[in-house]
Amino acid sequence: MPPARTCLNGACPLLAEDTSSLVQSTARESCWNRFPEKNRTNTELRAMIKAAGIGETSWELSIQVDQREGAESMKVKLRVKGDLHIGGLMLKLVEKINAPQDWSDYALWWEQRTCWLLKTHWTLDKYGIQADAELRYTPQHKPLLLQLPNMKTIKIPVSFSSVVFKTVAEICQMLSIRRSEELSLLKPPDDPSKKKKKKDKSSPQDDIWDIDLLSGGPGGTGPMYSKTMTAIYDPENGMPVTATSLWFGENPLADSQPNLPPDELAKMYQPLSLVDKAINNAGWLDSSRSLMEQDVQEEDKLLLRFKYNVFFDLNPKYDAVRITQLYEQARWAILLEEIDCTEEEMLMFASLQYHICKLTMSSEPRDHSNEPEVDEVEAALSNLEVTLEGGHRDRILEDITDVPELADYLRLFRPKRLTLRSYKEYWFVFKDTTISYYKNKEAASGEPIEQLHLRGCEVVPDVSVTEKKFGIKLLLPVADGMNEVYIRCDNETQYAKWKAACNLASKGKTMAYSSYKSEVKNIQSFLKMKSLAPPLGQAAPDLDAMEMNAECFVSPRYAKKTKTKQLTVRILEAHHNISRLSLMEAKMRFIQAWQSLPEFGIKYYIVRFKGSKKDELLGISYNRLIRIDMSSGLPVTTWRFANMKQWNVNWEIKQVTIEFDQNVTIAFCCLSCDCKVVHEFIGGYIFLSTRAKDQNEKLDEELFHKLTGGQE
C-alpha cells in the first residue's frame, strides 16, 4: 500500500489540508474505502468529498439579522468553527452583510436558550453553540411602552440586554427620578374586559406619549438624556448648574395630571380581594435577568412603579419628578381602592387632591428650590454654631443625658378571643423606649403591672377625629410573632405627644432626639388636616367655588354612597384646613398620609406553609412578614425583619426558609408566583436598609444581586 494512503487510513492530518491535488484525490479514495459499497449514494459521496476538502471541524451557522425601523429581517449563513469567539463571529457577520450602518448596539441572542451572548471573548464551543442553534443579531435597545405611575404611557428606548435593575436605573435617569432602586417593572394584570376597552381608544390613560415630547432644547429638539450626562449641583442653592438645568428644568413629569371624569374613573375601577392582589403582585419582573430573558418583546407594555415602599431622602430641591410620581401612584391607589381607608381619610385625600389640582392649574410659576427641607444634622450644627458664638440660651442644644419622659392617665386594652372590647384606665409612664403602666399614680413608685418594650415594635394609628377617638395600636414583637396592645388617649394634644414618642421608640430612639418636637407638630397638623369640621365663625363654603366635579376626587364606590352636593360641601370644608399649603407641601402631605394607612406597602402572595394543609396569604411589608388567614383576611402572626437572622431558598422544591431570633423558623412554598419574587422582596428591603444619605452615593449593585439573586 502506498505510504500516502497508510497515513490517511491511520489519521486525518492530510484531510485537514487542501494544498495539492494529490492530497484531495487520496482523501476521496480514503472516504470511498471507509464505507461499504452498498451504503454509498451520490449524495453521501458528495458530502464526504466536501467535508474532506473543507475540514470536518467547521459547520454552517444560520443567523437572523433584525433591521431597524420596521424593515424585514434577513437570514445570513456563515461557515464557522467551534474555536471562533463571539466577537469574531459578529465581525464576520457584519463583513458579510456589508451594509453601511452603525452596528455598535447590536448583539447576538440565542433563541433556544433565551439568553444573550454578551461575553464576546467566549468561543462557540464554550457557549455550546452547534449547527442547530438559532441566533438573532438584534439591537440591544428597543422601544418599550411604559406606563408611568401617573397612568400616562410613553414610548421609550430601553436596554433589552441589561438586567432589569440596570434598565430601570437608565429609565429613571432619563426621567430625572433619583433613587431608582425603589422602582421596578411590573407586567400589567390580565384584564377580563380588555376586548370592550379596546374599542375606546380615545381615553386619556391610553394615549401614547412619545419620549421626544420630553426632549430638552429649543423647540423640543435634541435628546433629553445622554449616557455621559451627570448632574452637577450648585453648592450654594443645591440646584443643578446651567449645563444640566434643562435636564431638571420644566419637566412635564413634575406636573400632576388632572383627575379623570367620574365615568372614566368608573371604567378603571375593579374591586380587588386579597387573592386578586396576590395574583397581580406575581407580575414583578426579576431584577437579575434581562427583559428578553423574561419574554418581554419590542413595544410590549410594562408598568413602572415604586416597588419598595421606603422612600429615602425625599428632597423637593432635586425630587420634583420623583415626588410627583409618588403622589400619582398614591392617588391612584386611593381612587381605585387598591388600599383601604376610612370615610374620613377618603375626604382628607379628596381635599388634598382638589388643592393640588387648583395650584397646578394656576398660572403662577413654581420654584421647587424654595421648598423647605428638614435635615436633623444641619439643624443640630446650626444650633451648635449659635451656642459657640454665645447665642440665645433657648437655642442651646438639649443635654442628651436629660432624657424627657411622659406620664399621664391613659386607657389600655388587650384583645382576647371571645371577649368584648373594653378599655381600662391606668397610670402610664414613658421613659427611654419603654412604657410602664401602674394601677394609679400613687403606685408609680413601686413595681409596674407590666412594661412594654417598644424597640422594634410597629405603631399603627387608630384615630377618628370626627368621633373624637385617639388611639394607638402597638404590635410588640415576641418569639412567635406579635402581641397587640391598644392605648386610648383623651385628646389630640395627648395623642400627638405619645404617638410621636412611640414612633421614635420603635426605631430605638428616645424623646431626647432632635426630631421629637417636629414629630409632635407633624402629627398635630395631620389631625387638623383630617378634621372635617370648619373652624368656629367660618362662613359656610360656597358650592360654586369648586369648579371641578367633586366625584373626581373619591373612589367610584364612595361617590355612589354620597350625593354630589353633600360631597362638595364636605370636601370644601376639609379644604379650609390645608388651603395655605404650597403645591409641594400638599403632595408631601398626601404621600405621608398614604404612608400612615395600616395597609400601606403590603404586597400579598398565596403560599403554603410547611406542615400546613391549606393555602394562606403572606403579606410582605418594608419591615415585616405577615401570615394572613385567606378566608377571613385577618393576620395570624407577624415576624419583623429586625429579628431575622438568615433566610435561604431551596430552588429545587421552590421553598423559602427564614430563621428568626429565639429559635423561630418558618418555611413556605409560593403558589401565586415564583419564589424568586418573594426572595427578591426580602433581599431588596434588607439592601435598602443599608443606604446612606449621600448626594453622590454610588449604588452597590453587586450587594443588591447578592441579596436578591438566586442559584436556580
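The largest cavity is lined by Val 164, Phe 165, Val 168, Ser 180, Glu 181, Leu 183, Ser 184, Ser 287, Tyr 308, Glu 680 and Phe 704. Two elements, H6 and strand E8 (183–186), each give two or more residues to this lining, and H6 provides the largest share, 3 residues. Sorted by class, the lining has 6 nonpolar, 3 polar and 2 charged residues; here Ala, Val, Leu, Ile, Met, Phe, Trp, Tyr, Cys and Pro count as nonpolar, Asp, Glu, Lys and Arg as charged, and the others, Gly among them, as polar. The volume of the largest cavity is about 60 Å³, and the structure holds 1 cavity of 30 Å³ or more. A cavity is a set of points on a 1 Å grid over the protein atoms alone where a 1.4 Å probe fits but cannot get out, and lining residues have an atom within 4 Å of a point.

The model is predicted: local features need pLDDT of at least 70 and side-chain atom pairs count only at pLDDT 80 or more, while totals for chains, interfaces and linings use all residues. Residues are numbered from 1 along each chain as its sequence is written, and side-chain values use heavy atoms, with hydrogens and water left out. The mean pLDDT (the predictor's confidence in each residue, from 0 to 100) is 79 for the chain, with 74% of residues at 70 or more. Over residues 51–55 the pLDDT stays under 50, and the model gives this stretch 6 contacts (heavy atoms within 4.5 Å) beyond four places in sequence. Where pLDDT is low, the predicted coordinates should not be read in detail.

Turning to H6 itself, this helix spans residues 164–174, and its buried residues are Val 164, Phe 165, Thr 167, Val 168, Ile 171, Cys 172 and Met 174. Buried means under 20% relative accessible area, with a 1.4 Å probe and protein chains only. After H6 comes Ser 176, with a positive phi near 65°. Across the chain, 46% of the 712 residues count as buried.

The chain has 20 helices and 24 strands, which are DSSP runs (H or I, at least four residues, for helices; E, at least two, for strands) numbered from the N terminus. Strands pair if DSSP finds at least two bridges between them. Strand E1 (residues 58–65) runs parallel to strand E5 (residues 135–139), joined by 3 bridges, and Gln 64 stands opposite Arg 136 in E5.

Conventions:
Buried < 20%, exposed > 50% of the residue type's maximum accessible area, 1.4 Å probe, protein only. 1 Å grid on protein atoms, 1.4 Å probe; cavity = no way out; pocket = protein on both sides within 12 Å on 5 of 7 lines; lining within 4 Å. Points joined across faces, edges and corners; volume = space filled by probe spheres on them.
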